[in-house]
Amino acid sequence: MRVHKFSLAIVLVTALTFLTLAAPNAAGQTMVDIHPPGYVSSRAVDINRQGDIIINAVDSSNRTRAFGRRYTGALINLGTLGGAEATATDLNDIRHVVGWSTLANGDRHAFLYRNGRMRDLGTLGGPNSIATAVNNRDEVVGTSETATGEIRGFLWRNGVMTELGTFGGEESRAFDINDSGWVVGSADLDAPATFQNQERHAFLFRDGVMTDLGDLGGEGSEATHINNLGHIAGWSYAPPEPNDDERKHAILIKDGVMFDLGTLEFIQSTTTALNERGSVAGFASGLNDDEPPAAGHERVRRKLVARERGPPDDT
């Protein structure tokens, strides 16, 4: 929602659970302003099963601070690791939050916030790290710089940060983890760089082994989400059309098989969310030359909603 050029964090709640700020809609829901007071703009980032929410708010000096909002309405400033900024990225079902915060010297470190305290998760030896996801066992994944300046995905478990490695290339990144401790992300191959940059492949890290999930026949892929059934969502480059560049296609991986979710008659697509049923949400972009913009965007909205509501095998 955008008000007077400023974005405000919002949440949909049932009219029976909360005191509403306006008459509920036909679904018995209303939109409630949860913007932290004194900040210029804010964005609600995630919500857990209990209805707790994490929010990132920006002040007049363009500095970001992370907040937690409990389902009771209590708003909590998560603080920092000694610097001026903190950003929340994920929230589990026991109200524990991960993200990154600046230190007093300006470096950025991954954090885990639990029991009222922000814990510095450290790095893989370099100055910076970020946490991207946490499961319900407080296992955290993210990306860190190493002592030699390389970028590596990590798994933090029981106080120990473990480097996940690559497929022979220079970099890797970890994006999500499920409650079994399975991690997904992308890792560079030991292959020459292409016009799309260094080729990388989606990976699954399970029981200490990193598995290459392949691609759709293009030059690269990335796994961004995993659920507790082991379904994986992300994107992959598809083989290029004649005289054209490669395009990203949203993908869903089930039982080791990668499915191309298509592009809704647009140029490319990607995924933004995956639920426990295996349904995927995402967006398609890049209109065809003969496609009116308004009609094209309406098709995206309509078809993505239909795809998300369909049975898992239809996504």
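**Salt bridges and accessibility**

Reader: Is D138 buried or exposed?
Author: D138 has a relative accessible area of 9%. Buried means under 20% relative accessible area, exposed over 50%, and partly exposed in between (1.4 Å probe, protein chains only). By that scale, D138 is therefore buried.

Reader: At what pLDDT do side-chain atom pairs count in this predicted model?
Author: Residues are numbered from 1 along each chain as its sequence is written, and side-chain values use heavy atoms, with hydrogens and water left out. In this predicted model, totals for chains, interfaces and linings use all residues, local features need pLDDT of at least 70, and side-chain atom pairs count only at pLDDT 80 or more.

Reader: Which residue forms a salt bridge with D138?
Author: A salt bridge is a side-chain nitrogen of Lys or Arg within 4 Å of a carboxyl oxygen of Asp or Glu. The closest N and O atoms of the pair are 2.7 Å apart, and the partner of D138 is R114.

Reader: How many residues apart in sequence are the parts that D138 and R114 tie together?
Author: Strands (E, at least two residues) and helices (H or I, at least four) are DSSP runs, numbered from the N terminus. D138 lies in the loop between strand 13 (125-134) and strand 14 (140-146). R114 is in strand 11 (residues 108-114), so the parts tied together by the pair are apart in sequence by 24 residues.

Reader: How many salt bridges are there?
Author: One of them joins the side chains of R95 and D52, at 3.1 Å from N to O. By the rule for salt bridges, the count is 11.

Reader: Which loop holds D52?
Author: R95 lies in the loop between strand 9 (86-91) and strand 10 (97-102), and the pair ties together parts that are 43 residues apart in sequence. D52 is buried at 3% relative accessibility, whereas R95 is partly exposed at 31%. The loop of D52 is the one between strand 5 (41-47) and strand 6 (53-58).

Reader: What is the relative accessibility of R152?
Author: R152 forms a salt bridge with E150, with the closest N and O atoms 3.5 Å apart. E150 is partly exposed at 33% relative accessibility. R152 counts as buried, and its relative accessibility is 8%.

Reader: Which residues are joined into one network?
Author: Some salt bridges share partners. Those bridges join into one network R137, E139 and R157.

Reader: How far apart in space are G116 and N77, C-alpha to C-alpha?
Author: G116 sits in the loop between strand 11 and strand 12 (117-120), and it counts as exposed at 59% relative accessibility. In sequence, G116 and N77 are 39 residues apart. In space, C-alpha to C-alpha, their separation is 9.9 Å.
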